[in-house]
Amino acid sequence: METISSIADKEIKSVVIDETLEVDADGSQTSASKTAEIVEAVPGKKIVVVSIVAYRVLFTFTSISFETQWKSGTTAITGKMTHNNTTPALTVMPIPEGHFRTAAGEALNLTLTDTRTGSVGMASALVDGVLTYYEE
C-alpha cells in the first residue's frame, strides 16, 4: 500500500491547459487520436493531479463525439471521459491526496480521440482549463 503524504509540505503548481489538437480520421471508420504533453516529466518525481478547473473541449463542428484520457507517458491513468453535444466540459474538484498520478519520471499527457463514426474528416478541438498538481 502506498503511503499518502501531506499536501502541506508540497509546492502546489498550476498549468494552463491550452491545446488545439487536430484529429484527422481520413474519412475512415477508425477513431483518430492525438496526445499532448500537459506537464513535463521531472526525473525521479511523480506528478500528482489535485484538481482541474473548467476542463472544456470545444469543437469546430456541430456534431461532436470525443473522448479524453489522462496518461502517465503512454500508460492510461484514468478511464476515458466522453465529451459530446451535452457534456463538453467537466471540473475535477480539489482533493489534497490527488485524483491520479504519473509514474516517477513520466510526463502527464492528455489524449484526445475522435469517436465519431462514418465518413468523417479532419476536426479541430480546443482543450482548455487550469490543472493544479504537485510533485512527489
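Predicted model: local features only at pLDDT ≥ 70, side-chain atom pairs only at ≥ 80, totals over all residues.
Which residues does Gln69 touch, not counting residues up to four places away in sequence?

1. Residues are numbered from 1 along each chain as its sequence is written, and side-chain values use heavy atoms, with hydrogens and water left out.

2. Let's meet Gln69. This residue sits in strand β4 (residues 65-72); helices (H or I, at least four residues) and strands (E, at least two) are DSSP runs, numbered from the N terminus. Leaving aside residues up to four places away in sequence, Gln69 touches Ala76, Thr78, Gly79, Lys80, Asn109, Leu110 and Thr111, where contact means heavy atoms within 4.5 Å.

3. Gln69 is buried, with a relative accessible area of 14%. Buried means under 20% relative accessible area, exposed over 50%, and partly exposed in between (1.4 Å probe, protein chains only). A polar atom of the Gln69 side chain lies 2.8 Å from the backbone oxygen of Thr78.

4. Now look at strand β9 (residues 108-114), where 7 of the 7 residues are buried. On one side are Leu108, Leu110, Leu112 and Asp114, and on the other Asn109, Thr111 and Thr113; both faces are covered.

5. What does β9 pair with? Strand β4 and β9 pair in the antiparallel sense over 7 bridges, and Glu67 stands opposite Thr113 in β9. Strand β2 (residues 32-39) also runs antiparallel to β9, joined by 7 bridges, with Leu108 of β9 as the bridge partner of Val39. Two strands pair if DSSP finds at least two bridges between them.

6. Next, the charges. Side chains of opposite charge can pair when their charged atoms come close. A search of the whole structure finds 2 salt bridges, a salt bridge being a side-chain nitrogen of Lys or Arg within 4 Å of a carboxyl oxygen of Asp or Glu.

7. One of these joins Lys13 and Glu135, with the closest N and O atoms 3.0 Å apart. The pair links distant parts of the chain, since Lys13 is in strand β1 (residues 13-23) and Glu135 in strand β10 (residues 123-135), 122 residues apart. Lys13 is partly exposed at 25% relative accessible area, and Glu135 is partly exposed at 21%.

8. Glu136 and Arg101 also meet through their side chains in a salt bridge (2.4 Å, N to O). Glu136 lies in the segment after β10 and Arg101 in strand β8 (residues 100-101), so the pair ties together parts that are 35 residues apart in sequence.

Methods
Polar contact = N/O pair within 3.5 Å; in protein donor to acceptor, adjacent residues only side chain to side chain.
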